[in-house]
Amino acid sequence: MALKVGKFTVLNHPLIQHKLTIIRNKNTGTKVFREVANEIAELMVYEITRDLPLEDVVVNTPMGKTTQKTLSGKKLAVIPILRAGLGMVDGVLELIPAAKVGHIGMYRDEKTLKPHEYFVKMPTDIDQRNLFIVDPMLATGGSAIMAIDALKKRGASNMRLVVLVAAPEGVRAVQEAHPDVDIYAAALDEKLNEDGYIIPGLGDAGDRLFGTK
């Protein structure tokens with residue numbers, strides 16, 4: 001089940017909510033955090049891809065010939081925003097193993113809270129693909145906006161932003177900058193604090209994924 005408000009959707013499946021509670025817990029270690037973040041991403045992509053187009057195909061079962069459904073050849077790609085976005089890629093690929101993977105590297109200036117791009121590597125045909133941009137946190141929205149800008153400059157036009165936890169400020173910022181991009185989250189949290197962190201959030205996703213500080 002999903003709650004749809006404009007182009008922002010909170011995926012409230014019980015398994016997603018249960019697993020999100022696990023990674024919110026400050027006592028959850030790196031191994032479990034990493035595993036569960038990927039599990040949430042897998043569950044989210046299962047929900048998000050319900051509208052993928054199908055076409056008929058004829059196959060031979062052990063009992064004879066039959067016409068069944070198959071994906072209609074739509075090309076997909078997953079684009080993690082480095083570095084925390086890497087923690088969702090394997091979950092997406094579990095369900096869509098043939099998807100291409102691009103990377104966008106950004107860091108946030110801790111004083112200004114502004115993102116800075118330092119690396120972009122994409123499949124050559126991203127203009128022909130449906131893209132899933134993944135990042136655990138949608139806080140100020142700056143990184144997501146810059147990532148979408150970078151992809152549009154390279155010809156991409158069909159994109160969905162997939163995050164674990166979103167702040168209202170970040171959702172509004174992305175919707176204002178890119179109203180054509182749907183946003184999917186496992187949770188919409190209360191707000192940002194003065195340091196630009198989501199409250200209650202789950203802390204620094206990158207540090208918790210990779211055991212750094």
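This is a predicted model: local features need pLDDT of at least 70, side-chain atom pairs count only at pLDDT 80 or more; totals for chains, interfaces and linings use all residues.
Biologist: Why is Leu 138 called buried?

Modeller: Buried means under 20% relative accessible area. Leu 138 has 2% relative accessibility, so Leu 138 counts as buried.

Biologist: Where is Leu 138, and which residues does Leu 138 touch?

Modeller: Leu 138 sits in strand β10, residues 137-138. Neighbours up to four places away in sequence are not counted; beyond those, Leu 138 touches Ala 144, Leu 161, Val 163, Val 165, Ala 166, Ala 167, Gly 170, Val 171, Val 174, Ile 183 and Ile 198.

Biologist: What makes Ser 143 partly exposed?

Modeller: Partly exposed lies between the buried limit, under 20%, and the exposed limit, over 50%. Ser 143 is at 23% relative accessibility, so Ser 143 counts as partly exposed. Ser 143 belongs to helix α4, residues 142-153. Leaving out residues up to four places away in sequence, Ser 143 touches Ile 81, Met 106 and Pro 115.

Biologist: Which record lists Leu 138 and Ser 143 for "binding site"?

Modeller: UniProt does, in an unreviewed entry.

Biologist: Where is Arg 83, and what kind of peptide bond joins Leu 82 and Arg 83?

Modeller: Arg 83 is found in the loop between β5 and α3. The bond from Leu 82 is cis, with omega about 0 degrees. Another cis bond runs from Ile 199 to Pro 200, with omega near 0 degrees. Pro 200 is in the loop between β14 and α6.

Biologist: How do you know that the span of helix α2 agrees with its number of residues?

Modeller: Helix α2 has 19 residues, 30-48. At 1.5 Å a residue, α2 should span 27 Å. The end C-alpha atoms are 27 Å apart, so the two values agree.

Biologist: Which residues of α2 are buried?

Modeller: Among them are Phe 33, Val 36, Ala 37, Ile 40, Ala 41, Met 44 and Ile 48. Asn 38 and Glu 47 are buried too.

Biologist: Why do positions three or four places apart matter when reading such a list?

Modeller: An α-helix has 3.6 residues a turn, so residues three or four places apart point the same way.

Biologist: Why is Ser 72 called partly exposed?

Modeller: Ser 72 has a relative accessible area of 28%. That value falls between the 20% and 50% limits, so Ser 72 is partly exposed. Ser 72 lies in the loop between β4 and β5.

Biologist: How much space lies in the second largest pocket, and which residues are closest to its centre?

Modeller: About 260 Å³ of space lies there. Of the 15 lining residues, Leu 52, Leu 71, Lys 74, Leu 76 and Ile 96 are the closest to the centre. By class, the lining has nine nonpolar, two polar and four charged residues.

Terms used
Residues are numbered from 1 along each chain as its sequence is written. Side-chain values use heavy atoms; hydrogens and water are left out. Helices (H or I, at least four residues) and strands (E, at least two) are DSSP runs, numbered from the N terminus. The expected span of a helix is 1.5 Å times one less than its number of residues. Buried means under 20% relative accessible area, exposed over 50%, partly exposed in between (1.4 Å probe, protein chains only). On a 1 Å grid over the protein atoms alone, a cavity is a set of points where a 1.4 Å probe fits but cannot get out, and a pocket is an open set with protein on both sides within 12 Å along at least five of seven lines; lining residues have an atom within 4 Å of a point. Grid points are joined across faces, edges and corners, and a volume is the space filled by probe spheres set on the points. Ala, Val, Leu, Ile, Met, Phe, Trp, Tyr, Cys and Pro count as nonpolar, Asp, Glu, Lys and Arg as charged, and the others, Gly among them, as polar. UniProt positions are given in the numbering used here, feature names are shortened, and annotations may be inferred rather than shown by experiment. Contact means heavy atoms within 4.5 Å.
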